[in-house]
Amino acid sequence: MKTSWRSASLVASAAAVLALTTACGQDSPPAASQNVGASAAPGDYGSIGTGNSVGGTAGGQQASPSPSSPSTPAGKLSVATAEEVGKVVTDSLGLTLYRFDQDTDQPPKSNCDGDCAKTWPPVPADDAEAGEGIDKALLGSVTRADGTKQLTVAGWPAYRYAKDVNAGDVKGQGVGGKWYALAPDGKKAQGGGAGGAGAEAQPGLSTRNDPKLGEIVVDKNGMTVYRFKKDQAWPKPVSNCSGACLEKWPLVEPVDYADTKGIQEKGYMVFDRTDGKGKQQTINCSPIYTFAGDKAPGDTNGQGVGGTWYAVRPDGKLVGAPEK
């Protein structure tokens with residue numbers, strides 16, 4: 001049974017959001033300068049942490065090109081147990097396999113190409129076979145845009161993570177709030193945490209009380225939501241984070257207002273990006289993002305990065321940003 005916030009009329013919500021698309025231009029410009037038109041400098045991106053590791057690899061260790069190469073066969077798949085993650089699918093080298101929230105399983109489709117596929121190499125389907133704990137009926141393949149065959153588990157395209165160096169590493173778990181280790185049944189391996197088996201589904205955007213930051217916005221996976229000070233909200237939303245910046249600060253895709261809880265409705269709108277990355281959600285007209293350096297729900301590693309990235313209040317205001 002769907003939760004109450006999801007049962008709200010989508011038609012009414014759409015109309016409300018449409019009515020708000022002009023609200024940004026009706027407010028007075030903010031007193032503080034937002035450096036409109038400035039692009040993100042490399043130092044503004046922040047660094048991504050090493051994440052979880054089972055078997056203890058050194059932080060900052062460079063990934064070996066061989067285990068994460070797209071041409072490395074999967075071999076015989078098996079099941080391993082990762083601390084705080086649970087049972088995960090691994091390849092013949094013991095490397096963890098992952099799934100991407102922006103892919104689809106029905107029908108299977110990969111939406112990770114180009115630079116994305118360098119960080120998350122697709123697992124070839126050719127030599128993959130089911131080992132102990134793997135149901136071979138769940139294994140399949142999908143043809144990628146370049147014509148190669150990628151392994152699927154229960155329809156979900158499978159990937160390795162370039163920063164996983166040794167057998168047992170799960171450094172890709174929760175990256176960007178969109179990458180998760182594959183459980184043997186094809187679902188996200190999340191142990192008993194937020195979004196895991198038996199957990200109540202969270203709304204697309206909601207709030208939580210952080211012990212240091214207070215009430216902040218989180219996405220459906222419980223990952224902290226951020227704003228970039230160099231973006232523009234008035235008179236219309238403009239994102240100044242693109243390219244390599246977006247790899248570290250993934251944009252929050254559109255979330256219907258009926259699928260939110262505790263978020264201000266005024267200025268809640270979607271805008272079209274100018275870099276071909278589609279539509280992005282805003283809160284009070286300000287573009288919002290997650291941080292690839294946050295590995296688990298509750299992390300706030302992006303707070304204050306570069307003096308330009310800050311968590312977001314339910315009304316869209318920055319948390320802890322210095323006043324000019």
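User: How much of the chain is buried?

Analyst: Keeping in mind that this is a predicted model, buried residues account for 47% of the 324 residues in the chain. The accessible surface comes to about 14,900 Å², and 52% of that surface belongs to carbon and sulfur atoms.

User: And how many helices and strands are there?

Analyst: The chain has 3 helices and 19 strands. As for how the chain comes together, if you take the contacts between residues at least 6 apart in sequence, 70% of them join residues at least 24 apart.

User: Which residues have the most contacts inside the largest nonpolar core?

Analyst: Those are Val 85, Tyr 98, Cys 112, Trp 120 and Trp 179, in a core that has 17 residues. Two strands, β4 (98-100) and β12 (179-181), each supply at least two residues of this core. Another core, of 15 residues, lies apart from it, and its members include Cys 241, Tyr 289, Trp 309 and Ala 311.

User: Switching to charges, how many salt bridges does a search of the whole structure find?

Analyst: The search finds 7 salt bridges. One of them joins the side chains of Arg 160 and Asp 91, with an N to O distance of 2.7 Å. Arg 160 sits in the loop between β10 (156-157) and β11 (169-170), while Asp 91 sits in the loop between β3 (86-90) and β4, so this pair ties together parts that are 69 residues apart in sequence.

User: Are those two buried or exposed?

Analyst: Arg 160 and Asp 91 are both buried. Arg 208 and Asp 210 are also buried, and they form a salt bridge in which the closest N and O atoms are 3.1 Å apart.

User: What about Lys 279, which residue does its side chain meet in a salt bridge?

Analyst: The side chain of Lys 279 meets that of Asp 272, at 2.6 Å from N to O. Lys 279 counts as partly exposed because its relative accessibility is 44%, which falls between the 20% limit for buried and the 50% limit for exposed.

User: Now the open sheet of 3 strands, what order do they come in?

Analyst: The order is β16-β17-β18, with antiparallel pairing. At the edges stand β16 (270-272) and β18 (286-287), and since each has a single partner strand, one side of each is left without a neighbour in the sheet.

User: What joins β16 to β17?

Analyst: There are 3 bridges between β16 and β17 (residues 279-283), and the two strands run antiparallel. Within this pairing, Val 270 stands opposite Gln 281 in β17.

Note on methods
Residues are numbered from 1 along each chain as its sequence is written. This is a predicted model: local features need pLDDT of at least 70, side-chain atom pairs count only at pLDDT 80 or more; totals for chains, interfaces and linings use all residues. Side-chain values use heavy atoms; hydrogens and water are left out. Helices (H or I, at least four residues) and strands (E, at least two) are DSSP runs, numbered from the N terminus. Buried means under 20% relative accessible area, exposed over 50%, partly exposed in between (1.4 Å probe, protein chains only). Contact means heavy atoms within 4.5 Å. Accessible areas come from the Shrake-Rupley method with a 1.4 Å probe; for residues, only the protein chains shown count as cover. Two strands pair if DSSP finds at least two bridges between them. A nonpolar core is a set of buried Ala, Val, Leu, Ile, Met, Phe, Trp, Tyr and Cys residues joined through side-chain atoms within 4.5 Å. A salt bridge is a side-chain nitrogen of Lys or Arg within 4 Å of a carboxyl oxygen of Asp or Glu.
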